[in-house]
Amino acid sequence: MKFPQFNSLRANIITVVVLASSLAVGLFTALVSYVNTRSSIAQLDSRLATLADVIGQNSAAALDFRDAKAAEEVLEALRREPPVISACLYNTRSLLFSEYLRNANIAPCPRFATIGRATSSDRRSVVRAIQRGTDSVGSIEVTADLRDLNDRNNRMLVVAIMMALVSLTIAAFSGAVLQRRISKPVTQLASAMNRVTADGTFEAQVPVEGDDEIAQLAGGFNRMLTELERRNQIARKAESKLLEQARTDSLTGLPNRRYLGERLGHELARLSEEKWIIGLLYIDLDGFKLVNDSLGHGVGDLLLCEVAKRLKSRVRGTDTLARVGGDEFTVILTGLEDDEDAVVAANAFIQSLSRSFVIDGNEITIGASVGITTRHPAMSDDPDLLKQADSAMYAAKRSGKNRAVFFSPELGLVARERLTLERELRGAIGRGEIYVEYQPEFSTTTGRIVRFEALARWRHPHLGNIPPARFIPVAEESGLIYALGEFVMEQACRECLEWQRWSPAPVQVAVNVSALQFTSELIVEEIETILKRTGLGPELLQVELTESVMIGSLNHSAKKMMRLRSLGVTLAIDDFGTGYSCLGYLPELPFSSLKIDRTFVRNLQLNSETTTMLQSMIDLGKKMGMRVIVEGIEEATQFEAVVQMGADEVQGYLLGRPSSAPRVQFAQHFEKRRTTITGQLSPQVEF
């Protein structure tokens, strides 16, 4: 037998227990007996409650399915618990469903469940409701026998009384010894714990004396404080990192909208104490959606990162650059002397994005529309600067994009108008407010109507006629352009089918497809479906595309065009010379017509440079085998000039205005064919 060391706490405790046990047992026999009995009963009650909960949950399914046999099998598991003599399982109507009796001498369960069966000196019962979620499916009562427990307590009481007589003489001495050896270090530990609790510090170390268990406890306490301090530091670092992540854009690493709001609030709070001006720029990339849709989100994400780097290179140390949305960035400018400083900064950001980006072998050109607003110390009102800058940014987009616009109160009205238009446009097609007008295009050699261009129109019951220049950009920005474009194309194809009955020669219909629509992977299938649904021959449909469809992947766009040409659909470049003009793409794309924008015709008589440019574009189109269409003919001199330059087809108000009843124009046209002179269309013909 191994004896404990003399100077150990264990030895001290054993010595004291041996000397004082007799007195302790004698004096506290009654208390120990009572506590032990109550504790044993409490443990038994707890065990019974646990068994009742477990058996009850295991019996829930049997109660649900009224499977008495399954319930008996579950209750039979109580046979492994010797104290348990019976268990009664009741359903939701408090009727006995199943029971368990350890032997035949046990009284059977009552037929109906009661609130609680009376307990006696030799039995304990526990009743538990059986729950499935929040619903009660029944109850269970488990009963245990206390005879073994009572016998054990009686024997212990007899032994305790005998030991009490022996320990009476030595209790006082043992208590004094125990107090001297233990009270001092315990008091030190308690004091250190109180300092930790009160001050929240982990530096409350306690002295370690000796090598007994109390000393080991003190050493363990000191090590615990050291570990807690280490973990507290880790937690503070993790919290700081989480806070930083919550305020940082995960893609670009720039501050996000949350941090922008905090920073802007901080700068505005300081503004009353300073004399300089705060500026806020709202930057939205032009053409980013086309890149995302045509080249994929992976390329789009890489482009955003490169844009962030360029913008960051133009930001001063006192300014804040943040990414607040998909392709939207904001800059807080501090220390400005006047509003013009904000305009200069905005133009610098636009200039920084003017150079092409090369992403995964794709050369991408984008622009940026910037909204500007400022806040002066003398201002008494408290405007929403972010909303103001956002409104100015949308104004920049409406003004032609790739430019900066300063906020004015009128722009707030424009922003609200745009929201109103978007809301009303969502149901305009279903309400029959959208309709199509058709403007004729004439051959310069035969004077014949060769085509009508389909133009979307919106007649609102309260807002009146809303021009396309106002609602088409809203449709593109909101994504409604897809439904609008499909509606216009189907209406135009159905109308074109009717024209063939009126005209001795085929007459095409030209339908504009926006660059955003053309990015759809299913655009070719959608056009083919409309042709089949309406019965229009594909050779009678001309799809007009602007040069902006070349943004992103030229090969991707060219494949879609080739598929359309293989269907028999003809393609035209619309508004040539005003978009992302790059002559290098023309030989690679299957365009059959080149449509020159009205801007060149409008300035035809103003300077010779415009005449030279127009002649060059007409010559370019004809040399590449394309028919050249000139739009915007409003004066006879313009008509005569473009005919002399070699244009194949013309369009304009001089020759025919848009109409929702093109068949009337057909009738007028056939009646006036006598006015055709030398094979050319007379500009005096009225339609």
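**Close-up 1. A network of salt bridges links Glu441, Arg451, Glu453, Glu544, Lys595, Arg627 and Glu649.** The model shown here and in the other views is predicted. Glutamate 453 and lysine 595 are both buried. In the whole model, the count of salt bridges comes to 28.

**Close-up 2. Glutamate 81 and arginine 47 are joined by a salt bridge between their side chains.** The distance from N to O is 2.4 Å. Glutamate 81 has 18% relative accessibility and counts as buried. Arginine 47, at 39% relative accessibility, counts as partly exposed.

**Close-up 3. Arginine 431 and glutamate 433 form a salt bridge.** Their side chains meet at 2.6 Å, N to O. Arginine 431 has a relative accessible area of 43% and is partly exposed. Glutamate 433 is buried, its relative accessible area being 7%.

**Close-up 4. Tyr438, Phe452 and Trp499 make up one aromatic cluster.** The count of aromatic pairs in the model comes to three. One of them, tyrosine 438 with tryptophan 499, is edge-to-face, with 5.3 Å centre to centre and 90 degrees between the planes. Tyrosine 438 is in strand β12 (residues 434-443) and tryptophan 499 in helix α14 (residues 481-499), so the pair ties together parts that are 61 residues apart in sequence. Tyrosine 438 counts as buried, at 3% relative accessibility. Tryptophan 499 is buried as well, with a relative accessible area of 0%.

**Close-up 5. Phenylalanine 452 and tryptophan 499 form a tilted aromatic pair.** The rings are 4.8 Å apart, centre to centre, with 50 degrees between the planes. Phenylalanine 452 lies in strand β13 and tryptophan 499 in helix α14, so the pair ties together parts that are 47 residues apart in sequence. Phenylalanine 452, at 0% relative accessibility, counts as buried.

**Close-up 6. Arginine 310 lies over the face of phenylalanine 357.** The arginine is 3.6 Å from the ring centre of phenylalanine 357.

**Close-up 7. The charged end of arginine 657 sits over the ring of tyrosine 653.** Its distance from the centre of the tyrosine 653 ring is 4.2 Å.

Key: Residues numbered from 1 in each chain as written. Predicted model: local features only at pLDDT ≥ 70, side-chain atom pairs only at ≥ 80, totals over all residues. Heavy atoms only, no water. Phe/Tyr/Trp six-rings, centres within 6.5 Å; stacked < 30°, edge-to-face > 60°. Helix = DSSP H or I, 4+ residues; strand = E, 2+ residues; numbered from the N terminus. Buried < 20%, exposed > 50% of the residue type's maximum accessible area, 1.4 Å probe, protein only. Lys NZ or Arg CZ within 6 Å of the ring centre and 35° of its normal. Salt bridge = Lys/Arg side-chain N within 4 Å of Asp/Glu carboxyl O.
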